[in-house]
Amino acid sequence: MKKLSLRARVLTGTVAVAALGAGTFGAVSANASAPAAAPAAAVKADTHNRNLQQSTHLTVAAATKAAQATLDAAKKENQRVSVAVVDRNGNTIVTLRGDGAGPQSPESAVKKAFTAVSWNAPTSELVKRLEQAPNLKDIPGTLFLGGGAPVQVKGAPVAGIGVAGAPSGDLDEKFAQAGVAALAR
């Protein structure tokens, strides 16, 4: 029997170690992809935990429906706007930039929606509050101009709709309200 050279022995050993490592990695990966079943008692305990809170969120379909209704209302009045719908936490669900809307309008729409949901009030009302508390406008991510409307369930905010691009905040807010109304249908 012929003796293998040092180079052949190193190469053969490397291939063997690689094959063993690949098999171990595959077994670990397969095991990690299957989540462990939680004991039923632990799951039951969590459902009664007073530290948990349930919240209501719009679906993407509902947010898109509201946004499209908003754009349709603006189009009927020949206005070129952008609309944004944010969730209760201010995270954007959907943003639509209408045909011909200005380049600044999508960002402004998001900020108006965020402002409306944060204070659970139309942004036109919040503009009035600036007289008593002018520093409100300094809060990052907010925009105190008419055009934002909260979406409420049982009086609590679950989303905000913001519109930007019309010649006045009153028009922007009118279109935002059309989006809120579309959710009630």
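## Salt bridges

A salt bridge is taken here as a side-chain nitrogen of Lys or Arg within 4 Å of a carboxyl oxygen of Asp or Glu. The structure is a predicted model, and four such salt bridges are present in it.

One of them joins the side chains of D172 and K112, with an N to O distance of 3.0 Å. Because D172 belongs to helix α6 (residues 169-184) and K112 to helix α4, this pair ties together parts that are 60 residues apart in sequence. Both D172 and K112 are buried.

Another salt bridge links K111 with E107, where the closest N and O atoms are 3.4 Å apart. Here both partners lie in helix α4 (residues 105-119), four residues apart, or about one turn of the helix. K111 counts as partly exposed because its relative accessibility is 29%, whereas E107, with a relative accessible area of 54%, is exposed. A further salt bridge is formed by D138 and K137, with 3.9 Å between the closest N and O atoms.

V158 is part of strand β4 (residues 156-164). Its relative accessibility is 6%, so V158 counts as buried, the cut-off for that class being under 20%.

Apart from neighbours within four places in sequence, the residues in contact with V158 are T56, D87, R88, V117, V151 and V153. T56 is 102 residues away from V158 along the chain, yet the C-alpha atoms of the two are separated by 6.2 Å.

## Residues with positive phi

Most residues other than glycine have a negative phi. Two exceptions are described here.

N78, which is not a glycine, has a positive phi of about 55 degrees. This residue is found in the loop between α3 (60-76) and β1 (82-87). N78 is exposed, its relative accessible area being 67%.

K154 also has a positive phi, near 55 degrees, and is likewise a residue other than glycine. K154 sits in the loop between β3 (148-153) and β4. With a relative accessibility of 87%, K154 counts as exposed.

## The largest pocket

The volume of the largest pocket is about 260 Å³.

By residue class, the lining of the largest pocket divides into three nonpolar, four polar and four charged residues.

How values were computed: Residues numbered from 1 in each chain as written. Predicted model: local features only at pLDDT ≥ 70, side-chain atom pairs only at ≥ 80, totals over all residues. Heavy atoms only, no water. Helix = DSSP H or I, 4+ residues; strand = E, 2+ residues; numbered from the N terminus. Buried < 20%, exposed > 50% of the residue type's maximum accessible area, 1.4 Å probe, protein only. Contact = heavy atoms within 4.5 Å. 1 Å grid on protein atoms, 1.4 Å probe; cavity = no way out; pocket = protein on both sides within 12 Å on 5 of 7 lines; lining within 4 Å. Points joined across faces, edges and corners; volume = space filled by probe spheres on them. Nonpolar A, V, L, I, M, F, W, Y, C, P; charged D, E, K, R; others polar.
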